[in-house]
Amino acid sequence: MSHALEKPMNERYTGTAITLHWLMAVLLITLVGVGFYMQNLPVSPWKLKLYSWHKWAGIIAFALLLVRLGWRATHRPPELPATMTPLMRLAAHAGHGLLYLLMLAIPLSGWLMSSAKGFQTVFFGVLPIPDLLSKDLELAHTLGEVHEVLNLLLIAVVAGHVLAALKHHLIDKDDVLTRMAPRHGCRQG
């Protein structure tokens with residue numbers, strides 16, 4: 001039987017959804033941290049190496065996002081708690097939508113910025129990724145600012161996401177946090 005949009009057998013996310021969630025969380029935290037760290041370094045071989053690693057990790061994050069979107073489109077997540085008000089439900093869906101939008105927009109803005117700077121990305125030093133724009137340093141500067149603002153917005157939205165999960169766990173005492181928590185023996189698929 002197809003998994004497409006089936007209601008889950010329990011109120012936990014699938015093992016695949018949990019794995020993708022936490023891989024993305026670690027990857028995004030690392031990308032944002034390294035991104036802000038390398039931004040103000042003087043030009044050096046170390047900075048150039050960090051930029052390459054950052055771009056490669058950004059490509060991996062973008063690919064994982066596509067896998068995650070595909071998984072989400074074919075596997076219905078657990079229902080939100082019945083105790084949530086319509087406004088809280090709207091905020092939860094809007095927050096998740098914004099997270100997905102930012103996870104899409106940030107690597108694209110980085111790719112555009114790198115293209116406009118005239119620095120082609122070569123994935124793991126082997127696979128050239130085509131530039132999306134011609135070299136234009138003024139546009140590259142603007143795209144760099146866009147990339148930074150999107151990352152600051154991501155930090156704010158992730159903070160709201162974490163606070164909402166903690167509120168559900170500590171105040172509402174429902175299973176919203178625990179159903180995404182890694183657990184030995186969680187349902188695979």
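Predicted model: local features only at pLDDT ≥ 70, side-chain atom pairs only at ≥ 80, totals over all residues.
Two packed helices are described by the angle between their axes and the distance between the axes. Helix H1 (residues 15-39) is taken here against helix H2 (residues 45-74), and then against helix H4 (137-172).

**H1 and H2**
- The axes of H1 and H2 cross at roughly 155° and come within 9 Å.
- Angles over 145 degrees count as roughly antiparallel, and H1 and H2 are therefore roughly antiparallel to each other.
- The crossing of H1 past H2 is left-handed.
- In the contact of H1 with H2 there are 19 nonpolar, six polar and two charged residues.

**H1 and H4**
- For H1 and H4, the axes come within 11 Å, with a crossing angle of roughly 140°.
- H1 and H4 are therefore oblique to each other.
- H1 also passes H4 in a left-handed crossing.
- On the H1 side, His21, Val32, Phe36 and Gln39 take part; they meet Glu148, Asn151, Leu152, Leu154, Ile155 and His161 in H4.
- The residues of this contact are five nonpolar, four polar and one charged.

**Largest nonpolar core**
- In soluble globular proteins, nonpolar side chains tend to be buried together.
- The largest nonpolar core here has 18 residues, of which Leu27, Leu102, Met103 and Leu154 touch the most other members.
- Two or more residues come from each of H1, H2, helix H3 (86-117) and H4.
- H1 gives the most to this core, namely six residues.
- Beyond its neighbours within four places in sequence, Leu154 is in contact with Val32, Leu99, Leu102 and Ile106.

Definitions and conventions
Residues numbered from 1 in each chain as written. Heavy atoms only, no water. Axes fitted to C-alpha atoms, helices over the stretch in contact; angles between N-to-C directions. Helix = DSSP H or I, 4+ residues; strand = E, 2+ residues; numbered from the N terminus. Parallel < 35°, antiparallel > 145°, perpendicular 65-115°, else oblique. Left-handed = near helix turned anticlockwise from the far one by under 90°. Nonpolar A, V, L, I, M, F, W, Y, C, P; charged D, E, K, R; others polar. Core = buried A, V, L, I, M, F, W, Y, C linked by side-chain atoms within 4.5 Å. Buried < 20%, exposed > 50% of the residue type's maximum accessible area, 1.4 Å probe, protein only. Contact = heavy atoms within 4.5 Å.
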